[in-house]
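Here are my notes on the model, point by point.

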Amino acid sequence: MSVIAVVGLATMGMNLARNLARNGFGVSIYNRTTSRVDDFMKQYGAEGAFTPAHTPQDLVAQLDKPRRILMMVKAGPPVDETIDHLAPHLEAGDILIDGGNSYFLDTVRRGKALEARGLRFIGTGVSGGEEGALLGPSIMPGGDRDAYQQVEPMLTMISAHVDGDPCCTYIGPGGAGHYVKMVHNGIEYADIQLIAEAYDLLTHALNLGAEDLSRIFSEWNKGDLESYLIQITSEVLAKRDRATGRPLVDVIVDEAEQKGTGKWASQSALDLGIPVTAITEAVFARSLSALKADRQLAARTLIGPNGGGKAPAPASLVDDVRSALYASKIVAYAQGFEEMQAASNENGWDLQLGAIARIWRGGCIIRARFLNRITDAYAAEGGIKNLLLVPYFRDAIASTQDAWRRVIGVAVERGIPVPAFSSSLAYYDAYRRERLPANLVQGLRDYFGAHTYRRIDRAGSFHTRWAQDGEEVPVR
Ligand code: NBP
């Protein structure tokens with residue numbers, strides 16, 4: 001008998017099944033295309049206590065009760081189809097876990113539908129890619145809390161560990177786990193975009209090649225920027241293409257793809273009214289990159305700066321870009337945490353943001369030395385309004401902002417697009433302003449649509465008959 005089943009044996013399921021077995025758990029395995037089950041057994045069967053299943057009936061017969069089934073299938077309709085395939089064979093109290101990148105509202109819907117059938121549902125984010133799944137991912141489980149207790153020992157054991165702490169904790173009810181994974185991925189989009197802008201700027205402003213840049217990123221990985229993404233950037237830039245002898249990155253087509261989590265994070269932020277500019281710019285940057293044919297035409301048609309930025313950029317630009325990257329990264333994370341707080345308030349999830357920062361320190365794609373700072377900030381003080389206001393981050397930006405501004409100046413002067421750097425700085429400058437030009441926005445809205453405005457010196461709402469007699473009238 002097995003204590004858990006893994007259904008879906010592509011990259012993630014296969015490696016999570018191996019991780020579970022390596023930690024001593026008996027694992028049943030099943031996949032829609034059953035040849036994958038046989039292939040798995042041939043390749044990895046000797047690694048642990050695996051039991052292959054070729055039908056859902058076989059699968060449920062092999063499992064201890066309550067049955068625990070971890071589904072690792074493609075997000076979207078395949079999850080519903082897998083549930084429909086398995087659920088008729090399950091009994092009240094059995095537990096289905098969706099470990100894919102499902103949209104959080106789908107998770108809410110599935111949880112309710114399964115509850116009505118007496119089944120328990122956990123929607124969990126799993127981050128770390130192939131290597132994380134095998135050696136220890138960051139795990140963000142949400143949904144039925146009692147059901148989580150039944151799988152907690154397994155999930156915590158297979159997760160990454162940092163300073164002895166597992167990178168797995170119960171996130172909250174309903175779709176909370178998948179929501180937090182979605183924001184994690186959104187931050188990952190922003191992080192990657194910022195790295196890409198740093199690469200682009202240094203390439204074009206200083207005429208550096210991929211291997212020079214690899215060394216720079218490797219150096220940056222020894223300081224505050226130390227992170228998995230900076231480390232792998234250095235490795236990607238160092239790689240030579242066997243076929244051409246050129247840096248591999250130079251022969252990769254410049255069209256970024258996306259699977260949807262960054263877009264969902266942006267859409268949810270728009271619904272909540274939370275400005276996550278870095279994530280959203282990163283999503284748009286991928287969309288713009290995908291317009292390759294349009295860009296090829298525009299490259300021959302549109303004109304860049306006239307003579308601007310012809311003087312060689314100072315070598316100190318490298319250090320300035322590092323500072324700009326760090327400052328922009330702080331903004332991106334602050335925005336992501338704001339989004340999670342707003343979603344928590346909206347949905348009554350009671351998200352523990354400090355615990356979320358803690359489980360992101362290891363295993364996941366955005367793991368970074370920097371996450372320790374966020375964990376420490378939440379441990380030191382509750383009720384953080386915005387990470388930018390925390391003394392460590394406030395001071396970090398104060399000391400890097402001049403470099404940040406210089407970098408954006410260099411980019412603008414040379415016509416090098418840095419949407420995530422510049423929107424992060426614009427957010428910072430807007431957030432720290434007590435008075436923004438929204439007064440004029442309100443005036444205009446009232447002029448053309450009688451939308452009313454409030455005054456700084458009196459309570460109530462007002463409308464001015466701008467184009468008639470010019471009189472101001474109280475509205476309510
Ligand atoms: P994929 O997302 O590539 O999905 C492949 C799996 O889904 C196969 O087992 C396939 O079965 C199954 N499947 C499909 Br496609 N349609 C199905 C259907 N209608 N009914 C039943 N099964 C179906 O796998 P993955 O890359 O391992 O990712 C799994 C999940 O984890 C996804 O939600 C993904 O977004 C998420 N995730 C992936 C990563 C990563 O680095 N890859 C990281 C974190 C999270 P088949 O063999 O019969 O076609």
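1. Start with Ile 171, which counts as buried because its relative accessibility is 5%, below the 20% cut-off. This is a predicted model, so take everything here as computed from predicted coordinates. Ile 171 sits in the loop between β9 (165–166) and α8. Setting aside neighbours within four places in sequence, Ile 171 is in contact with Met 140, Pro 141, Ala 176, Gly 177, Val 180, Trp 349, Leu 351, Ile 356 and Ile 359.

2. On to the cysteines. How many disulfides does a search of the whole structure find? The search comes back with zero. Cys 167 is in no disulfide, and the nearest cysteine sulfur, which belongs to Cys 364, is 7.3 Å away. A pair of sulfurs has to be within 2.5 Å to be called a disulfide. Cys 167 counts as buried, at 0% relative accessibility. Cys 168 is in no disulfide either; for Cys 168 the nearest cysteine sulfur is that of Cys 167, at 8.9 Å. Cys 168 is buried too, with a relative accessible area of 5%.

3. Next, Asn 221, which you'll find in the loop between α9 (210–220) and α10 (228–238). Is Asn 221 buried or exposed? Its relative accessible area is 18%, so Asn 221 is buried, given that the limit is 20%. The side chain of Asn 221 reaches the backbone nitrogen of Ser 227 at 2.9 Å. Not counting residues up to four places away in sequence, Asn 221 touches Glu 226, Ser 227, Ile 230 and Gln 231.

4. Which residues of α10 are buried? They are Tyr 228, Leu 229, Ile 230, Thr 233, Ser 234 and Leu 237. For reading that pattern, recall that an α-helix has 3.6 residues a turn, so residues three or four places apart point the same way. The cover over the buried residues of α10 includes α8 (176–206), α9 and α14 (317–347). Ile 230 links this point to the previous one, as a residue touched by Asn 221 and a buried residue of α10.

5. What lines the largest cavity? The lining is Leu 16, Leu 70, Thr 124, Val 126, Ile 139, Leu 155 and Ile 158. The elements that give two or more residues to this lining are β6 (120–127) and α7 (145–158). By residue class, the lining divides into six nonpolar, one polar and no charged.

6. Glu 281 belongs to helix α12 (residues 277–290) and is partly exposed, with a relative accessible area of 27%. Leaving aside neighbours within four places in sequence, Glu 281 is in contact with Pro 419, Ala 420 and Ser 423. The C-alpha atoms of Glu 281 and Ala 190 are separated by 7.6 Å, though the two residues are 91 apart along the chain.

7. Finally, a few backbone details to look over. A cis peptide bond joins Lys 65 and Pro 66, with omega about -10°; Pro 66 is in the loop between α3 (56–61) and β4 (68–71). Asn 207 has a positive phi of about 60° although it is not a glycine. Asn 207 is in the loop between α8 and α9, and it is exposed, with a relative accessible area of 70%. Thr 452, also not a glycine, has a positive phi of about 75°. Thr 452 lies in the loop between α19 (438–449) and β10 (453–454), and with a relative accessible area of 13%, Thr 452 is buried.

Notes: Residues are numbered from 1 along each chain as its sequence is written. This is a predicted model: local features need pLDDT of at least 70, side-chain atom pairs count only at pLDDT 80 or more; totals for chains, interfaces and linings use all residues. Side-chain values use heavy atoms; hydrogens and water are left out. Buried means under 20% relative accessible area, exposed over 50%, partly exposed in between (1.4 Å probe, protein chains only). Helices (H or I, at least four residues) and strands (E, at least two) are DSSP runs, numbered from the N terminus. A polar contact is a pair of N or O atoms within 3.5 Å; within protein, one must be able to donate a hydrogen and the other to accept it, and residues adjacent in sequence count only if both atoms are side-chain atoms. Contact means heavy atoms within 4.5 Å. On a 1 Å grid over the protein atoms alone, a cavity is a set of points where a 1.4 Å probe fits but cannot get out, and a pocket is an open set with protein on both sides within 12 Å along at least five of seven lines; lining residues have an atom within 4 Å of a point. Ala, Val, Leu, Ile, Met, Phe, Trp, Tyr, Cys and Pro count as nonpolar, Asp, Glu, Lys and Arg as charged, and the others, Gly among them, as polar.
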